[in-house]
Amino acid sequence: MADAERAAANANADDEFAADAASGFADADAAADADAARIADLEAENADVKDRLLRLAADMENLRRRTEREIKDARTYAVTSFAREMLSVADNLRRAIEAVPAEAKEHGDDGLNALIDGIEVTERGLLGTLEKHGVKKLDPEGQRFDPHFHQAMFEVPNPEVPNNTVVQVVQAGYAIGDRVLRPAMVGVAKGGPKQGQPKPDETTEAGTTGNAA
């Protein structure tokens with residue numbers, strides 16, 4: 001009888017131990033799942049914070065570059081309005097110089113020559129000051145016509161030069177940086193070969209040379 005009771009007690013103890021072990025394993029699994037979920041949440045939050053920081057850094061870099069560009073443009077083009085007003089002064093100085101006939105320059109008295117020299121020195125000084133502040137004179141004679149910097153006033157029939165070559169400058173233009181203050185008013189050649197093509201006489205000579213060979 002005592003042995004049977006003892007065996008029954010041992011059996012109950014084993015069952016309780018097994019139940020406690022199973023419960024402990026279940027709690028451990030639940031804790032591991034909770035830790036994994038927490039870690040996943042933290043990693044997602046960390047990734048989100050990192051993405052926001054990268055976007056913020058990119059925005060700040062773009063802002064820095066834009067600010068630098070705006071400051072540079074402000075420095076470059078700050079005198080635009082003033083320079084545009086000064087162009088009429090440069091034009092008047094040039095008109096005063098060109099208004100004096102060549103014969104008068106050659107046979108004029110010392111007073112007239114001194115006056116002309118003074119006007120020319122003033123013009124050079126004005127252009128030099130403008131150029132110091134980024135304003136450049138456009139004098140495109142002999143260059144290819146560029147509608148961004150030149151304004152065609154008339155066409156000049158001339159088969160000796162490539163088509164659309166500037167052959168006469170009616171009024172000089174001015175630019176500041178890469179912006180045009182005033183386009184140069186020009187006359188362009190018409191009737192010649194296209195840019196990059198040889199003149200008709202050059203083509204003939206080349207053909208004659210080739211035939212001779």
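Start by selecting aspartate 91, which lies in helix H2. Helices (H or I, at least four residues) and strands (E, at least two) are DSSP runs, numbered from the N terminus. This is a predicted model, where local features need pLDDT of at least 70, side-chain atom pairs count only at pLDDT 80 or more, and totals for chains, interfaces and linings use all residues. Residues are numbered from 1 along each chain as its sequence is written, and side-chain values use heavy atoms, with hydrogens and water left out.

**Stop 1: Aspartate 91**

Is aspartate 91 buried or exposed? Aspartate 91 is buried, at 12% relative accessible area. Buried means under 20% relative accessible area, exposed over 50%, and partly exposed in between (1.4 Å probe, protein chains only). Now show its contacts, meaning heavy atoms within 4.5 Å. Aspartate 91 touches Gln171 and Arg182, not counting residues up to four places away in sequence.

**Stop 2: The whole chain**

Zoom out. The protein chain has five helices and six strands. Along the sequence they follow the pattern α-α-α-α-β-β-β-β-β-β-α. Of the 213 residues, 17% count as buried. Take the contacts between residues at least 6 apart in sequence: 68% of them join residues at least 24 apart.

**Stop 3: The sheet E1-E4-E5**

Color the strands E1, E4 and E5. They form an open sheet in the order E1-E4-E5, with antiparallel pairing. Two strands pair if DSSP finds at least two bridges between them. Strand E1 (135-138) and strand E5 (179-182) stand at the edges with a single partner strand each, so one side of each has no neighbour in the sheet. The twist averages 35° from one strand to the next. Angles run from 0 to 180 degrees between N-to-C directions, and axes are lines fitted to C-alpha atoms, for helices over the stretch in contact.

Next, pick out the E1 and E4 pair. Four bridges join these strands in the antiparallel sense. Select lysine 136: opposite stands alanine 175 in E4. Then bring back H2. This helix lies across E1, E4 and E5, running at about 40° to E5.

**Stop 4: The largest nonpolar core**

Which residues have the most contacts inside the largest nonpolar core? Select Ala83, Leu126, Leu130, Val135, Tyr174, Ile176 and Leu181; the core has 14 residues. A nonpolar core is a set of buried Ala, Val, Leu, Ile, Met, Phe, Trp, Tyr and Cys residues joined through side-chain atoms within 4.5 Å. Helix H2 (80-99), helix H4 (110-132) and strand E4 (173-176) each give two or more residues to this core. H2 gives the most, with six residues.

Center on leucine 130. Leaving aside neighbours within four places in sequence, leucine 130 is in contact with Ala83, Met86 and Val135. Apart from this core lies another, of six residues, among them Val166, Ala184, Val186 and Val188.

**Stop 5: The sheet E2-E6-E3**

Move to the other open sheet. Its three strands have the order E2-E6-E3, with mixed pairing. E2 and E3 are the edge strands, each with a single partner, so one side of each is left without a neighbour in the sheet. Neighbouring strands here are turned by 30° against each other on average, direction ignored.

Follow E2 alongside strand E6 (residues 184-190). These two pair in the parallel sense over seven bridges. Select phenylalanine 154: its bridge partner in E6 is glycine 187.

Stay in E6 and select valine 186. Valine 186 is buried, with a relative accessible area of 0%. Its contacts, leaving aside neighbours within four places in sequence, include Pro140, Phe145, Met153, Phe154, Val166 and Val170.

**Stop 6**

Select asparagine 164, in the loop between strand E2 (150-157) and strand E3 (166-171). Its phi is near 70°, a positive value in a residue other than glycine. Asparagine 164 counts as partly exposed, at 34% relative accessibility.

**Stop 7: The largest pocket**

Finish on Arg94, Glu98, Val170, Gln171 and Ala172. Of the 14 residues lining the largest pocket, these lie nearest its centre. H2 and E3 each give two or more residues to the lining. H2 gives the most, with five.

Conventions
On a 1 Å grid over the protein atoms alone, a cavity is a set of points where a 1.4 Å probe fits but cannot get out, and a pocket is an open set with protein on both sides within 12 Å along at least five of seven lines; lining residues have an atom within 4 Å of a point.
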